[in-house]
Amino acid sequence: MRKKTISIWVLVAFLFLVSIALPEGKLGAASSLFMNEVADKYEELEDKFTKQYKADLKSVTTYYEQFLQQSSDEQKQLEQYLREDMAYLEDLLEKDYDKLAAQYGSDRSYTTKLNQYRNQINPNYSTGALWKYSKETDKGYSTSLHWKFNNQINPNYSTSLMWKYKK
């Protein structure tokens, strides 16, 4: 579009210069009529492509907004599933620990193993298995998978896929 625009203006400028350089009688009326036709054709093409661009932009923007909304909704659903899953795991593992403690708690040979198990199922114990799971599902934890996913669908995060698509 830009090359065509430049080419048309160069042609118009050339014809204008030629019409000035040659005697008025030979090219005067013909060249100004031709220049007006070229200018009208240019304006017609510019209007056509501007309308097409605006229609395409509106369509793409609508698709982008729909995709962004869908991604946001799925993100919320994922967060709900992760919260429910974490609550379920904590409850299940706590009940399991209580059963094991009731069964083996009085036996001193199991005290260390029960404490190790207790640490592994504690989501706040930094080397425990449940802590690792809770951190991977935490969108606020900067190395987690959920954080990375959240940033990719965030249109305000400058390296995200949504930001790049929007730009």
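A salt bridge is taken here as a side-chain nitrogen of Lys or Arg lying within 4 Å of a carboxyl oxygen of Asp or Glu. The model is a predicted one, and a search of the whole structure finds 4 salt bridges that meet this description.

Glu-94 and Arg-118 form one of these salt bridges, with their closest N and O atoms 2.7 Å apart. This pair links distant parts of the chain, since Glu-94 belongs to helix α2 while Arg-118 sits in helix α3 (residues 111-120), 24 residues away. Glu-94 is partly exposed at 30% relative accessibility, and Arg-118 counts as partly exposed as well, at 32%.

Another salt bridge joins the side chains of Lys-139 and Glu-79, at 2.8 Å from N to O. Here too distant parts of the chain are linked, 60 residues apart, with Lys-139 in the loop between α4 (129-136) and α5, and Glu-79 in helix α2 (residues 24-104). Lys-139 has a relative accessible area of 34% and is therefore partly exposed, whereas Glu-79, at 17% relative accessibility, falls under the 20% cut-off and so counts as buried.

The closest N and O atoms of Asp-91 and Lys-95 are 3.2 Å apart, and Asp-91 is partly exposed, with a relative accessibility of 40%.

| Glu-94 | Arg-118 | 2.7 Å |

Asn-150 lies in helix α5 (residues 145-152), and its side chain makes a polar contact of 3.2 Å with the side chain of Gln-75. Because its relative accessibility of 18% is under 20%, Asn-150 counts as buried.

Beyond helix α5, Tyr-157 is found in the loop between α5 and α6 (161-166). Leaving aside neighbours within four places in sequence, Tyr-157 is in contact with Trp-147, Asn-151 and Trp-163. The relative accessible area of Tyr-157 is 32%, so this residue is partly exposed.

Conventions:
Residues numbered from 1 in each chain as written. Predicted model: local features only at pLDDT ≥ 70, side-chain atom pairs only at ≥ 80, totals over all residues. Heavy atoms only, no water. Helix = DSSP H or I, 4+ residues; strand = E, 2+ residues; numbered from the N terminus. Buried < 20%, exposed > 50% of the residue type's maximum accessible area, 1.4 Å probe, protein only. Polar contact = N/O pair within 3.5 Å; in protein donor to acceptor, adjacent residues only side chain to side chain. Contact = heavy atoms within 4.5 Å.
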